[in-house]
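User: I would like to go through this model and ask what stands behind the terms used for it.

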Amino acid sequence: MKKIFILSFSLMLSIIFLLSYSPLTFAAIETFSGTGEYIMEDNETLKDAQEVAYKEAMRSISQQVAVYVKSKSQAEDFQITDDVVELISTSILKVEEKKFIKEIMPDGKLKIKAFVSGTLDESATDKALNDKIAAFREKKRYDESLAEHKEQQRQRENAEKEYNNALRNTSAAILEQADALYKSKDYSGAVAKYTEIIERHPTFANAYVGRGNAYFELKQYDKASKDFQKANEIEPKNAGAIFGKAKIFEHQGKKSEAIENYRLFIQYANIAEDGEKITKALDKIAKLEG
């Protein structure tokens, strides 16, 4: 009998020990209550009035819940607005009881009072907030990455502009040398210089125009035609390219095409820079039409 008593006592101690050190934890449950009231209008139903009063009571509770959650939550920080905290907390609130009381006012109107109580699972709320904060941070990281990408793109575009400006300045300097060679009738030397520009700056339309003119003087008409066409593709309104095409068409005996391009040249030409060529184009048109 003594042994059985000792065994039973040891078993009891073991159970107490296990219960004392059980790894199970229970979520804290908090209770909140709120009231709301609403005076019915003549054209409203009792159900409508109760709904408004209930919403007022829930608004009161949601504000309490939000304050409580922000003070007790295990979330590392609150990078989200109070409205979001309130919405999350209220959505997890479990309404346990609600009741309505009717009260007749001195003026005969009916006042509806709502009494609502509910419980909140703190750990569930904490998890919902942490999930929301994680989503918020993810979006923040995305926005920061997007902003960084845009800044890199802006810097790249600026670098490209600076490079293109430097390239144009260099090409413009070589273009002056090429034009000088052309004016001195060193057409082969001019072709070499214009080609140097094109190799550096493949979209410099005036370099193609200059080389086309030099090829024309060297009687290399196919090459001249290709250069004028290329310049016209790069800059459809480039007067020099259009004038060059007109010369090629005239040389080929294509009168209507030549006239069309001489007229187009006059349309796009700059009077201050192309005065002599405009006069020449007008003479060409008159001759070809005559």
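User: What makes Gly212, Tyr215, Phe216 and Ile248 contacts of Ala224?

Analyst: This is a predicted model. Contact requires heavy atoms within 4.5 Å. With neighbours within four places in sequence left aside, Gly212, Tyr215, Phe216 and Ile248 are in contact with Ala224.

User: What makes the set around Ala224 a nonpolar core, and which residues have the most contacts inside it?

Analyst: A nonpolar core takes buried residues of kinds such as Ala, Ile and Tyr, joined through side-chain atoms within 4.5 Å; buried means under 20% relative accessible area. The largest such core has 22 residues, and Tyr194, Ile197, Ala224 and Ala231 have the most contacts inside it. Helices H4, H5, H6, H7 and H8 each give two or more residues to this core. Helix H6 gives the largest share, seven residues. Another core, of 16 residues, lies apart from it and includes Ile61, Leu93, Ile112 and Leu120.

User: How do you know that E2 and E3 pair?

Analyst: Pairing needs at least two bridges. Strand E2 (residues 94-104) and strand E3 (residues 110-121) have 10, in the antiparallel sense, so they count as paired.

User: How many bridges join E1 to E3?

Analyst: E1 and E3 are joined by 11 bridges and run antiparallel; Ser33 stands opposite Ser117 in E3.

User: Why are E1 and E2 called edges?

Analyst: The open sheet has the order E1-E3-E2. E1 (29-39) and E2 each have a single partner strand, so one side of each has no neighbour in the sheet. From one strand to the next the twist averages 15°.

Notes
Residues numbered from 1 in each chain as written. Predicted model: local features only at pLDDT ≥ 70, side-chain atom pairs only at ≥ 80, totals over all residues. Heavy atoms only, no water. Helix = DSSP H or I, 4+ residues; strand = E, 2+ residues; numbered from the N terminus. Axes fitted to C-alpha atoms, helices over the stretch in contact; angles between N-to-C directions. Buried < 20%, exposed > 50% of the residue type's maximum accessible area, 1.4 Å probe, protein only.
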